[in-house]
Amino acid sequence: MRLVGCWAVVLCGASVLAGAQEHSQHSQHPPNADASIQGKIVALEKLWNQAYKSGDTKALAGLLDDDVILINDDGSVQTKSQFLASVKAPNAQEQQVAPEMLQVHVHGDVAIATGVLRVKGVSKGRVYVRREGFVDTWLLKGATWVCIATNATPITY
């Protein structure tokens with residue numbers, strides 16, 4: 001009787017694992033689609049950097065989900081409207097926003113972009129240069145990728 005019980009547990013476990021694996025395979029994009037999505041996200045990241053540098057709030061608004069969470073390199077948290085207002089601020093001017101490194105990992109309809117940015121600019125009349133690590137989370141909503149969360153961390157070394 002114990003042997004039959006053990007086999008029942010093994011068979012149930014195997015069927016659960018097989019079902020989970022089948023679901024996982026169906027919820028993922030084919031490998032060539034992942035490469036296409038990665039390219040799309042890289043293009044969106046470049047567009048974000050260019051729009052930020054030029055103060056193009058319309059382009060930025062199109063990239064960000066209405067409920068996006070933005071965590072800045074100083075730890076402050078902003079809503080979409082707060083972020084867009086800060087981009088328009090007369091005392092902040094980005095002269096260069098360039099990725100030094102960028103990787104994109106695709107998980108179904110979610111893509112995670114990680115990397116390092118080099119930022120040069122002027123704030124309150126003072127020139128600055130800094131490097132930031134970042135994590136941007138993108139979600140496919142309908143046919144459009146939007147950023148739903150971003151986090152920047154200063155690199156001090």
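Predicted model: local features only at pLDDT ≥ 70, side-chain atom pairs only at ≥ 80, totals over all residues.
Residues are numbered from 1 along each chain as its sequence is written, and side-chain values use heavy atoms, with hydrogens and water left out.

Q: What makes the pair aspartate 65 and lysine 141 a salt bridge?
A: A salt bridge requires a side-chain nitrogen of Lys or Arg within 4 Å of a carboxyl oxygen of Asp or Glu. The side chains of aspartate 65 and lysine 141 meet at 2.7 Å, N to O, and therefore the pair qualifies.

Q: Why is aspartate 65 called buried?
A: Buried means under 20% relative accessible area, exposed over 50%, and partly exposed in between (1.4 Å probe, protein chains only). Aspartate 65 has a relative accessible area of 10%, so the residue is buried.

Q: Why does valine 77 count as exposed?
A: Valine 77 has 56% relative accessibility, over the 50% limit, and therefore counts as exposed.

Q: Which residues have the most contacts inside the largest nonpolar core?
A: They are Ile41, Trp48, Leu60, Phe83, Trp138 and Trp145, in a core of 25 residues. A nonpolar core is a set of buried Ala, Val, Leu, Ile, Met, Phe, Trp, Tyr and Cys residues joined through side-chain atoms within 4.5 Å.
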